[in-house]
Amino acid sequence: DRGEIAALEERLFGVIFHLPYPVQIDFQTLLSQGATRPLEQASRRPLPSVRPWVMAILLLITVYIVLSDALWREAVSPILATAQSIIRTSAELTQ
C-alpha cells in the first residue's frame, strides 16, 4: 500500500476531529477514559413501573378470551340447534 492507507487515515482523522493525527495513540488510556466518563456523568433514574404494562397485557388477554368465546358460541349455535333437532327427530322415530 506504500503508506497510502496511513495517509488517508491521517486525513480522515483531521477531517473528523479537526485535530492533527497523533503519532502515538495510548489506547489503554483512551479506552479507560471512554468507558468511565459516561458512567460518571450519568444520573441515576428510577426504572419505569412495569405494573401498567402487565395490567394492560392481562386486560388484552381477558378481552381476547371473552370475544373469542362469544364469537365461537355465536358461530356454533346453529350447528348445535341442528344437532338437537336431529337427536329429537331420531328419538321420536325410535319410540
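A search of the whole structure, which is a predicted model, finds one aromatic pair. That pair joins F13 and F17 in a tilted arrangement, with 4.7 Å from centre to centre and 45 degrees between the planes.

**Overall architecture**

- Read from the N terminus, the elements of the chain follow the order α-α-α.
- The accessible surface of the chain amounts to about 9500 Å², and carbon and sulfur atoms account for 67% of this surface.

**Confidence of the model**

- The chain has a mean pLDDT of 84, and 79% of its residues reach 70 or more.
- Confidence is lowest in helix α2 (residues 27-41), where the mean is 59.
- Helix α3 has the highest confidence in the chain, at 95.
- Where pLDDT is low, predicted coordinates should not be read in detail.

- Helix α1 covers residues 4-17 and has 14 residues.
- From its first C-alpha to its last, helix α1 reaches 20 Å, close to the 20 Å expected at 1.5 Å a residue.
- F13 and F17 are four residues apart in helix α1, so about one helical turn separates them.
- F17 counts as partly exposed, with a relative accessibility of 48%.
- H18 follows α1 and has a positive phi, near 55 degrees.

- One salt bridge is found in a search of the whole structure.
- The partners in this salt bridge are R73 and D69, whose closest N and O atoms are 3.0 Å apart.
- Helix α3 spans residues 51-94, and R73 and D69 lie four residues apart within it, so they are separated by about one helical turn.
- R73 is exposed, because its relative accessible area of 57% is over 50%.
- D69 is partly exposed, with a relative accessible area of 35%.

Note on methods:
Residues are numbered from 1 along each chain as its sequence is written. This is a predicted model: local features need pLDDT of at least 70, side-chain atom pairs count only at pLDDT 80 or more; totals for chains, interfaces and linings use all residues. Side-chain values use heavy atoms; hydrogens and water are left out. A salt bridge is a side-chain nitrogen of Lys or Arg within 4 Å of a carboxyl oxygen of Asp or Glu. Helices (H or I, at least four residues) and strands (E, at least two) are DSSP runs, numbered from the N terminus. Buried means under 20% relative accessible area, exposed over 50%, partly exposed in between (1.4 Å probe, protein chains only). Accessible areas come from the Shrake-Rupley method with a 1.4 Å probe; for residues, only the protein chains shown count as cover. The expected span of a helix is 1.5 Å times one less than its number of residues. Rings of Phe, Tyr and Trp (its six-membered ring) pair if their centres lie within 6.5 Å; planes under 30 degrees apart count as stacked, over 60 as edge-to-face and the rest as tilted. pLDDT is the predictor's confidence in each residue, from 0 to 100.
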